[in-house]
Amino acid sequence: MSFPSNRILSGIQPTGNLHLGNYLGAMKNWVAMQNDYECLFCIVDLHAITVWPDLGEIAQSSREVAAGMIASGIDPEQSALFIQSHVPAHAQLAWVFNCVARLGWLNRMTQFKDKAGKNKEKASSGLMVYPNLMAADILVYKASHVPTGEDQKQHLELARDIAQKFNVDTGKEVFPLPNPVIQGPGTRVMSLRDGQRKMSKSDTSDMTRINLTDTADEIADKIKRAKTDPEVLPDKATGLAERPEASNLINIYAALADRSVDDVVAEFAGQGFGAFKPKLAALAVSVLTPIASRMTELLADPAELDRLLARGADKANDIANPVLAEAYEAIGFSTTGIKR
Ligand code: AMP
Ligand code: TRP
């Protein structure tokens, strides 16, 4: 059985603010891979409702994420950029995977534990089966590669387990085992106020993250006030080992500048944060402010964004529907009446 060898699928939630972690951990890598892979990028609104967000905002947040992706360099003509709920096969295959994945597997997912918090009984059942839907997002395209930030590693391993169990249980090689692509210094961007926590859309303090829509002054101010330590910068990357905040700022610099951490550390060795932070701020402003202004332009024409997203959904449906039919056939469902 031959599978596509260069097809990417990745996803991003349409909730709250796109931030530097999304950009460096995911979107920047997606843009870089666009010419070498057939790419599908999905705005995962079905995942967003696992925590029941402000319902009045989902459609607009989806447009904002689409605008952020295009402003960052995703070409919607070349890649399929679409909204998850516009491609019904994701939810249909997810149901099948609800019946393949074992509860024991889901019980080990750390993101569920983090998001459900202390009161697991009150979490939605959707939050529990979130990784099954994510596996469906990937496998409904038989994607070969899935580029994400480090936080998605466990979910990507689960997607491989689901693919394998489906194939074994049906005796048909329907799904490939997708390869995670988690690479570069930006795969784990941490909070500016606490080097042990990841930068996140849901953090209540806006000072913890740099949003893609922040102004130059806001970016500079957040970096100036970012938590650091009193030491000077070391001359080797290994010297950052026990210094989470210093390590985070250096990683951000390296990822923004497309340079290695070793290279950046060599340049700033012996300097304090008073010297380093203004350089980092200038670099961040130079990369991010053009993205913010392009986003504003794109958001001024929501009808055009909706048109692009509808075209993306057409491309995605064309690939996904036959794969869903193949999965149904492998299970043994009667498929004579289904649309492909
Ligand atoms: P989310 O906003 O949770 O839907 O994440 C979208 C993408 O951004 C995923 O590939 C995540 O792994 C990535 N991502 C989110 N937060 C971070 C972070 N703090 N550092 C690096 N990557 C991140
Ligand atoms: N769970 C991912 C996140 O929170 C988003 C996501 C949904 C995703 N489906 C995906 C990422 C499929 C990669 C592939 O970041």
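Reader: What volume does the second largest pocket have?

Author: Rolling a probe the size of a water molecule over the atoms shows where empty space is left. On a 1 Å grid over the protein atoms alone, a pocket is an open set of points where a 1.4 Å probe fits, with protein on both sides within 12 Å along at least five of seven lines. A volume is the space filled by probe spheres set on the points, which are joined across faces, edges and corners. In this predicted model, the second largest pocket has about 200 Å³.

Reader: Which residues lie nearest the centre of the second largest pocket?

Author: Lining residues have an atom within 4 Å of a point. Of the 13 here, Leu 46, Thr 50, Gly 126, Val 129 and Leu 133 lie nearest the centre. Helix 4 (89–98) and helix 7 each give two or more residues, and helix 7 has the largest share, five. Helices are DSSP runs of H or I, at least four residues, numbered from the N terminus.

Reader: How does the lining of the second largest pocket divide by class?

Author: Ala, Val, Leu, Ile, Met, Phe, Trp, Tyr, Cys and Pro count as nonpolar, Asp, Glu, Lys and Arg as charged, and the others, Gly among them, as polar. This lining has eight nonpolar, five polar and no charged residues.

Reader: What of the largest pocket?

Author: The largest pocket holds about 1,300 Å³ of space. Its lining has 47 residues, with Gln 111, Lys 115, Asp 151, Gln 152 and Lys 198 the closest to the centre. Helix 1 gives the most, five residues. By class, the lining has 15 nonpolar, 21 polar and eleven charged residues.

Reader: Which conventions apply?

Author: Residues are numbered from 1 along each chain as its sequence is written, chains are lettered from A and ligands numbered from 1 in the order written. Local features need pLDDT of at least 70, side-chain atom pairs count only at pLDDT 80 or more, totals for chains, interfaces and linings use all residues, and side-chain values use heavy atoms, with hydrogens and water left out.
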